[in-house]
Amino acid sequence: MFIIYGGLFFILFGRLLFIQVTGEAEGKVLASMAEAKYARESLLPANRGEIIDRNSELIASDTLSYRLVAVLDESLSERTRETHHVDNPEKAAEVLSTYLPLDKNELVNKLTRSPEDIKEGKNKQVEFGKAGRDINHDVVLAIKEEKLPGILFIEEKKRFYPNGIFASHLIGFASREEDENHKVSTVGKMGLEATYNKALTGTDGKVEFQSDKWGFTLPKTEKAVTAAQDGYDIKLTIDKTIQNFVEDAMSEIEKEYSPKSMMAIVVNPKTGAIVAMSQRPTFDPTTREGLTSNWLNEAVENTIEPGSTMKIFTLAAAIEEGKWDPNAYFKSGQYTLYDKTIRDVNKSGWGTISFLEGFQRSSNVLMAYLLERVGDKRVMEYMEDFGFGQKTGIDLPKEAPGILLNKYPAERLTTAYGQGSTVTPIQMIQAITAIANDGVMMRPFVIDEIKNPNTGKIIEKREPEEKESPISKETAQKVREVLASTITSENGTGRRFALDGYTLGGKTGTAEIPNGYGGYLRGGTNYLYSFIGMAPIEEPELITYVTVQQPQLKEGEYAADPVAKLFKSITESSLKYMNIVPEGEEPIEAPLIDGFTGQEVEKAKTELKSLGYSPVIIGESGKVQVQYPEKGTQPGQGSVVLLKTEGKITLPDFTGWSKKMLLSFKMLSGLDIRIVGDGYVTEQSLSVGTSGNPNEPIVIQLRHPSDIHKPEELAEEESIVGG
């Protein structure tokens with residue numbers, strides 16, 4: 001027995017020594033087996049890049065959502081004090097059915113494992129498809145209050161569009177998708193979200209660690225962390241405030257006139273930067289409500305016959321060639337070229353009128369006489385040089401080139417007044433910059449910069465780009481003078497578009513709509529009505545181009561009415577927002593702000609008041625620690641200046657403050673200020689003079705200027721209908 005047991009001991013000892021030296025057992029590496037059994041990996045999800053406006057206001061970002069998971073594996077609850085699986089499917093189903101769009105019986109079936117499942121080790125945990133995804137925080141808290149064992153919530157990223165309907169066909173949308181490896185990620189499906197999907201998509205990180213079978217980290221083990229790399233942020237040239245002016249105006253016109261479609265673009269003519277772009281019908285990118293089969297960004301991807309707005313460029317060609325004489329005369333009404341006769345909108349004409357009056361009245365016949373003077377082929381060369389018939393190169397996908405009909409004289413004639421040939425709205429914008437910008441034509445663009453948020457490095461920065469222009473500064477100025485006369489002259493077709501307090505130049509357009517069978521729609525309002533204008537006309541700061549197709553007019557209304565309302569609402573609000581002083585008013589030059597850091601706050605307060613500013617103290621007394629705006633800046637007369645000191649903070653009257661100033665106060669004070677809305681402050685939850693407590697939230701309500709200054713009768717009407 002001694003020999004037998006002694007032999008077994010030496011065999012066992014030898015085996016242990018072999019395993020210890022080689023690290024192998026039965027041909028398998030033990031370290032690898034342990035790693036496979038205990039190694040775990042936890043995902044660190046990366047954020048998709050943000051899309052922001054020119055002032056860094058949020059347009060699209062990731063937000064937190066939750067996915068519901070039910071654990072059904074009974075073995076996880078063995079030898080534990082707490083239950084880790086769904087032990088009562090009936091109760092869990094009853095609770096979950098009140099929060100999820102699923103029937104209780106359906107939930108009971110999902111939450112119950114069959115004997116076959118248990119035997120084969122299947123369905124240890126289940127999910128609930130679309131109904132169990134994108135659950136908001138309030139619902140999660142409510143379900144957790146029920147303390148249902150085995151019901152877990154996994155944090156996920158969801159794309160968030162805080163502005164609702166907002167340049168939706170430009171921005172597009174991104175949604176969660178599952179690939180063939182069952183990995184769920186956010187993928188851009190339309191617009192900028194799709195075009196720049198690769199740049200916006202981040203790289204997930206991970207935490208590698210060792211744990212027991214319940215997922216608890218084993219003691220004395222190290223974690224290996226690979227940090228997530230967030231996607232690139234994209235800053236647009238879009239100005240959120242002006243974009244909201246556009247959205248509000250279009251929604252009003254859509255409600256009042258029910259047009260088949262609308263489009264609006266606002267651009268800075270000095271740079272070519274698009275500050276607003278929208279269309280109708282549109283949709284909410286968060287819910288996709290309103291999204292139809294039309295996914296085209298109409299301003300870039302769709303072509304139209306522009307109508308009489310094209311006459312601007314025929315006029316520019318004639319002036320540049322020295323063939324324009326505003327005091328020359330022609331017989332209006334109709335003009336025949338070979339076998340083709342064209343007519344003015346007033347088919348009998350206005351008799352013999354001057355070239356200037358002909359343009360003011362938007363005479364088609366005038367264009368024929370200008371082609372005679374300049375030469376129809378030469379005019380077409382100008383059209384090509386203005387960029388028609390070719391892509392502008394804007395930083396958006398699927399741009400359409402349009403078609404310039406240039407084979408026959410009749411085609412060149414109809415092109416001169418905007419029929420037959422097709423253009424994109426963005427081509428019209430590019431060409432009109434040459435008129436507004438003293439003969440310098442600018443390529444339109446919508447991406448300002450692309451930034452890596454992980455390093456702060458600017459990956460790509462767009463600068464304004466000049467394109468070769470066919471006209472001189474002198475020609476541009478003369479064209480603007482003629483365009484201004486279409487607004488101010490009693491004969492002008494643009495009289496309805498006159499702005500309150502600002503000079504304007506522009507051109508109306510009425511274009512026929514192809515019927516799809518080689519002809520055009522006829523009668524009623526079956527036309528595409530448009531207006532392209534610039535203001536102030538002496539030195540334009542912005543260009544606005546709007547189109548309204550087939551509006552439903554009320555009795556006594558004209559087709560120009562919805563177009564004029566749309567244009568004026570957008571342009572007047574934008575000019576005021578840009579602090580462009582209306583005609584007849586003198587700008588008040590505010591003095592530069594001095595530096596007050598280190599000075600006694602009362603002295604700084606007195607000096608600021610004497611300069612016409614409104615000082616607000618963040619604190620009680622003592623010396624100024626921080627001031628905003630900083631030394632050397634020049635805000636407008638009466639602007640708020642923040643002075644940070646020591647001591648208790650009392651709340652000022654925030655009424656009328658901008659969002660930017662409110663965010664500055666929040667940063668300097670450290671108070672929990674929660675901002676609702678955009679624009680300027682109208683309400684605050686805590687009254688003026690209340691002591692601020694960092695642990696007590698303060699809710700501040702902001703509204704757009706267009707809502708704040710809405711006529712009283714309209715505000716009353718909206719309050720009645722719940723608007």
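Arg 159 is buried, its relative accessible area being 5%; buried here means under 20% relative accessible area, exposed over 50% and partly exposed in between, with a 1.4 Å probe and protein chains only. The model is predicted, so local features need pLDDT of at least 70 and side-chain atom pairs count only at pLDDT 80 or more, while totals for chains, interfaces and linings use all residues. Residues are numbered from 1 along each chain as its sequence is written, and side-chain values use heavy atoms, with hydrogens and water left out.

Arg 159 forms a salt bridge with Asp 62, and the closest N and O atoms are 3.3 Å apart. A salt bridge is a side-chain nitrogen of Lys or Arg within 4 Å of a carboxyl oxygen of Asp or Glu. Because Arg 159 lies in strand E7 (residues 151–160) and Asp 62 in strand E5, the pair ties together parts that are 97 residues apart in sequence. Helices (H or I, at least four residues) and strands (E, at least two) are DSSP runs, numbered from the N terminus. Asp 62 is buried too, with a relative accessible area of 17%.

The structure holds 29 salt bridges. Another one joins Glu 57 to Lys 240, with 3.9 Å between the closest N and O atoms. This pair links distant parts of the chain, 183 residues apart: Glu 57 is in the loop between strand E4 (51–52) and strand E5 (58–71), and Lys 240 is in helix H10 (residues 240–257). Lys 240 has 6% relative accessibility and so counts as buried.

A further salt bridge is formed by Glu 539 and Lys 270, whose closest N and O atoms are 3.6 Å apart. Glu 539 lies in the loop between strand E24 (527–535) and strand E25 (542–549), and Lys 270 in the loop between strand E13 (261–267) and strand E14 (274–280), so the pair ties together parts that are 269 residues apart in sequence. Glu 539 is exposed, at a relative accessible area of 51%, and Lys 270 counts as partly exposed because its relative accessibility is 32%. Salt bridges that share partners also join Arg 48, Asp 62, Arg 159 and Glu 193 into one network.

Next come the nonpolar parts. In soluble globular proteins, nonpolar side chains tend to be buried together. A nonpolar core is a set of buried Ala, Val, Leu, Ile, Met, Phe, Trp, Tyr and Cys residues joined through side-chain atoms within 4.5 Å. The largest such core has 86 residues, and those with the most contacts inside it are Phe 313, Trp 324, Phe 388 and Ile 435. H17 gives the largest share of this core, 8 residues. Not counting residues up to four places away in sequence, Phe 313 touches Met 383, Phe 386, Phe 388, Met 428, Ala 431, Ile 432 and Ile 435; contact means heavy atoms within 4.5 Å. A second, separate core of 31 residues includes Val 266, Val 275, Tyr 529 and Leu 542.

Thr 424 sits in the loop between helix H16 (409–416) and helix H17 (425–436). Its relative accessibility is 0%, so Thr 424 counts as buried. Apart from residues up to four places away in sequence, Thr 424 touches Ala 299, Val 300, Asn 302, Thr 303 and Ala 400. In H16, the buried residues are Arg 412, Leu 413, Thr 414, Thr 415 and Ala 416. They are covered by elements including helix H12 (311–320), strand E16 (334–337), E17, helix H14 (364–374) and helix H15 (376–385). Gly 418, which follows H16, has a positive phi near 95°.

Gly 501 is found in the loop between helix H18 (473–488) and E23. With a relative accessible area of 23%, Gly 501 is partly exposed. Gly 501 and Pro 582 are 81 residues apart in sequence, yet their C-alpha atoms are 4.7 Å apart in space. Leaving aside neighbours within four places in sequence, Gly 501 is in contact with Pro 582 and Glu 583.

Finally, some totals for the protein. It has 23 helices and 31 strands. Buried residues make up 45% of its 723 residues. Among contacts between residues at least 6 apart in sequence, 67% join residues at least 24 apart.
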